[in-house]
Amino acid sequence: DVRSDLRLMLDNPNTFLRDLDMTKLSTTGSQFIEKTMFGRNVELSTIKDAYRRSISGDCGLVTISGKSGTGKSLLANEFGKFVSADGGIFLSGKFDQLQQGKPFSALASTLDQYCGILLLEEMVSTKEKVAFQLRSVLGKESYHLTKIIPNLATILGSALPVLSHSEDCINAQKRVQYLLCQFVEVISSSSS
């Protein structure tokens with residue numbers, strides 16, 4: 001209860017309000033010391049196994065979820081090291097409550113990160129392939145995605161038409177959802 005926690009802080013400030021080394025505290029059962037992961041080997045192994053199956057042709061999805069401060073980002077970053085060492089591209093997105101007004105913010109930031117990788121010099125051929133396929137699949141509708149994925153505009157090049165749709169929010173959201181699915185399908189098939 002928050003009141004009892006506040007009462008403890010007021011009654012014993014030397015214990016609860018001093019400058020602690022937060023990396024050595026553990027309130028969740030998992031301990032993190034200087035960004036070292038403990039107690040998550042089973043989860044990391046499960047994610048690695050799913051990755052191995054996916055590069056062998058199987059389809060799958062892994063989500064990492066949990067309460068704040070339980071090491072989700074650290075687990076994802078450990079997995080990212082594994083993927084990068086294997087020659088893969090690791091992307092991660094994080095839901096931010098402050099971005100609730102921006103539709104699909106975690107997915108959009110992740111796809112923008114992917115587009116940023118495509119803009120690197122060593123990715124030119126992949127970028128051109130993806131750009132061609134996206135233009136073919138999305139056409140003028142790609143304009144809507146460039147509003148939430150800024151690096152996509154750079155990949156697609158040439159001036160994109162400004163489209164105006166007088167539709168309600170539900171239809172606009174369905175449009176963006178459909179376009180995001182198309183985008184993911186294109187980049188998934190381009191990587192194989």
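Tutor: We can begin with the cysteines: the structure holds zero disulfides, where a disulfide is a pair of cysteine sulfur atoms within 2.5 Å. Please keep in mind that this is a predicted model, in which local features need pLDDT of at least 70 and side-chain atom pairs count only at pLDDT 80 or more, while totals for chains, interfaces and linings use all residues. Residues are numbered from 1 along each chain as its sequence is written, and side-chain values use heavy atoms, with hydrogens and water left out.

Student: Why is C115 called buried?

Tutor: Buried means under 20% relative accessible area, exposed means over 50%, and partly exposed lies in between, with a 1.4 Å probe and protein chains only. The relative accessible area of C115 is 1%, so C115 is buried.

Student: And what makes C181 partly exposed?

Tutor: C181 has a relative accessible area of 48%, and therefore it counts as partly exposed.

Student: How do you know that T110 is buried, and what does T110 touch?

Tutor: The relative accessible area of T110 is 13%, so T110 is buried. T110 sits in helix α5, residues 105–118, and helices here are DSSP runs of H or I with at least four residues, while strands are runs of E with at least two, numbered from the N terminus. Leaving aside residues up to four places away in sequence, T110 touches L91, S92 and G93, where contact means heavy atoms within 4.5 Å.

Student: What makes the pair of S92 and T110 a polar contact?

Tutor: A polar contact is a pair of N or O atoms within 3.5 Å; within protein, one must be able to donate a hydrogen and the other to accept it, and residues adjacent in sequence count only if both atoms are side-chain atoms. The backbone oxygen of S92 lies 3.4 Å from a polar atom of the T110 side chain.

Student: Why are the buried residues of α3 said to line one face?

Tutor: In α3, the buried residues are L44, I47, A50 and Y51. Seen down the axis of α3, these residues fall within an arc of 125°, so they line one face of the helix; the arc is that of the directions from the helix axis to the C-beta atoms. The face turned away from this buried side carries the exposed residues N41 and V42, and what covers the buried residues of α3 includes α4.

Student: Which residues of α6 are buried, and why do we say that they line one face?

Tutor: V130, A131, L134 and L138 are buried in α6. Their arc, seen down the axis of α6, is within 105°, so they line one face of that helix. Exposed residues S125, F132 and S136 are on the face turned away from the buried side of α6.

Student: What makes a group of residues a nonpolar core?

Tutor: A nonpolar core is a set of buried Ala, Val, Leu, Ile, Met, Phe, Trp, Tyr and Cys residues joined through side-chain atoms within 4.5 Å. The largest one has 22 residues, and L134, L145, I148, I149, L152, L180 and F183 touch the most other members. Helix α9 gives the most to this core, with six residues.
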